[in-house]
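Work through the exercises below with the sequence and the model side by side. Try each task before reading its solution.

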Amino acid sequence: MKKNIEISPNIETLFGTRDENLRLLEDGLNVAIIMQADSIEITGAPSDVGRTEKIFQDYEHLLRNGFAFVNGDLGSMIRVLTADSTATLRGLAEAGKQRSFGKRTVQPKSINQRRYIEAIEKHDMVFGIGPAGTGKTYLAVAMGIAALMSKRVDRIILARPAVEAGERLGFLPGTLQEKVDPYLRPLYDALYDMLEPDKVDRYLEKNIIEIAPIAFMRGRTLNDSFVILDEAQNTTSEQMKMFVTRLGFNSKAVITGDITQIDLPNANRSGLLEAVDILGKVEGLRFCYFDEGDVVRHHLVQRIIRAYDDYKGRNEQLSLSLEVKNGNGAAMAKNGNGQPPTAGIGRDAQLAEVPATEAPSPPPNHVSE
């Protein structure tokens, strides 16, 4: 099917640098887009051509109403549109406009990020699990600020376990707050990125925004709060149970973590891993998972994460092959029934299987004369 649509004023801003947005549309929707003198020709399946035309129409509508796309938001929205057939450009843009993220406009840059934001809006407790750079913490802080600005909560509480990443820093100088601040720096960075510095400082001073190690949460009931637990993979089982039971009335909790970067002495004791198994079927909770396709940092980060995942997969496959090989070797030493010569046979069975035979007669005595 071919469809020609008229070129409207400023529609070329949709194309992106070197027509990169058109390439995204062509690859994601399986269409061909050709520029004509006074129109745009779209070729493809009827449904795909219809979706592409809808994107052009929505973009024209948004421009007429004064909507401005910034910081590559348009490219991010197009990626979401190509991955989710139910999404529209107008819907994504207006949904982002309805939320107040302080001095920034935050748009989901992948379909998983969009699902994550929607889950936070609809559920009181959400787990965001995935590799580094996928926006788990940043989006959680943004949603917390949006809830605070719209007066749906009275405060934001940010918690994080004080665990070093594979090293021991020893005793840090200063007050208790100065000792734990280095562990909480990523949370400060997200706050200062979205709010004016003087506003962040004022909120911190008045405890409207509170940042503390998870160890300080015991015994509290958090009402009218937006609570975020970052780096949850480094919580113990006891810490995770303690945290998820702090939630009070009119509160939300978001727990984020990367299960591939556990810094606890025993990775099997990670409270996040245990929570996935225990809380997976609890009603009212939502688990959102990210992968390397959701990474919003430097493009090299995606490749690095993929390389580590491939390396881990090869090592697991090699270990499995060695186990199978060792198992076959042990089987060669077993009897025809696959069991060791005496294994699996009870004493009574052994006696029962021995045929009854007469005792041999004693040898004749030869007496030498």
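A residue counts as buried under 20% relative accessible area, as exposed over 50%, and as partly exposed in between. The model used here is predicted.

**Exercise 1.** Classify Arg-220 by its relative accessibility, then describe its salt bridge with Glu-210.

Solution.
- Step 1: Arg-220 has 22% relative accessibility, so Arg-220 counts as partly exposed.
- Step 2: Glu-210 has a relative accessible area of 15%, so this residue is buried.
- Step 3: In the salt bridge between Glu-210 and Arg-220, the closest N and O atoms are 2.8 Å apart.
- Step 4: Glu-210 belongs to strand β6 (residues 209–213), while Arg-220 sits in the loop between β6 and β7 (225–229); the two are 10 residues apart and the pair links distant parts of the chain.

**Exercise 2.** State the order in which the 3 strands form an open sheet, and find what packs on the sheet.

Solution.
- Step 1: The order is β1-β3-β2, with antiparallel pairing.
- Step 2: β1 (2–6) and β2 (32–35) each pair on one side only, which makes them the edge strands.
- Step 3: From one strand to the next, the twist averages 20 degrees.
- Step 4: β1 pairs with β3 (residues 39–43) over 5 bridges; Glu-6 has Ser-39 in β3 as its bridge partner.
- Step 5: Helix α2 (residues 46–64) packs on the sheet and touches β1, β2 and β3. The direction of α2 makes about 150 degrees with that of β3.

**Exercise 3.** Which parts does the salt bridge of Lys-3 and Glu-53 tie together?

Solution.
- Step 1: The side chains of Lys-3 and Glu-53 meet at 3.0 Å, N to O.
- Step 2: Lys-3 lies in strand β1 and Glu-53 in helix α2, so the pair ties together parts 50 residues apart in sequence.
- Step 3: Lys-3 is partly exposed at 27% relative accessible area, and Glu-53 is buried at 17%.
- Step 4: For another salt bridge, take Lys-54 and Asp-58, at 3.2 Å, N to O. These residues are 4 apart in helix α2, so about one helical turn separates them.

**Exercise 4.** Describe how helix α5 (residues 111–122) and helix α6 (residues 136–149) pack.

Solution.
- Step 1: Two packed helices are described by the angle and the distance between their axes.
- Step 2: For α5 and α6 the angle is about 40 degrees and the axes are 11 Å apart.
- Step 3: The crossing is right-handed.
- Step 4: Residues of α5 including Tyr-116 and Ile-117 meet residues of α6, among them Leu-139 and Met-143. By class, the contact has 6 nonpolar, 1 polar and 2 charged residues.

Definitions and conventions
Residues numbered from 1 in each chain as written. Predicted model: local features only at pLDDT ≥ 70, side-chain atom pairs only at ≥ 80, totals over all residues. Heavy atoms only, no water. Pairing = 2+ DSSP bridges. Axes fitted to C-alpha atoms, helices over the stretch in contact; angles between N-to-C directions. Contact = heavy atoms within 4.5 Å. Left-handed = near helix turned anticlockwise from the far one by under 90°. Nonpolar A, V, L, I, M, F, W, Y, C, P; charged D, E, K, R; others polar. Salt bridge = Lys/Arg side-chain N within 4 Å of Asp/Glu carboxyl O. Buried < 20%, exposed > 50% of the residue type's maximum accessible area, 1.4 Å probe, protein only.
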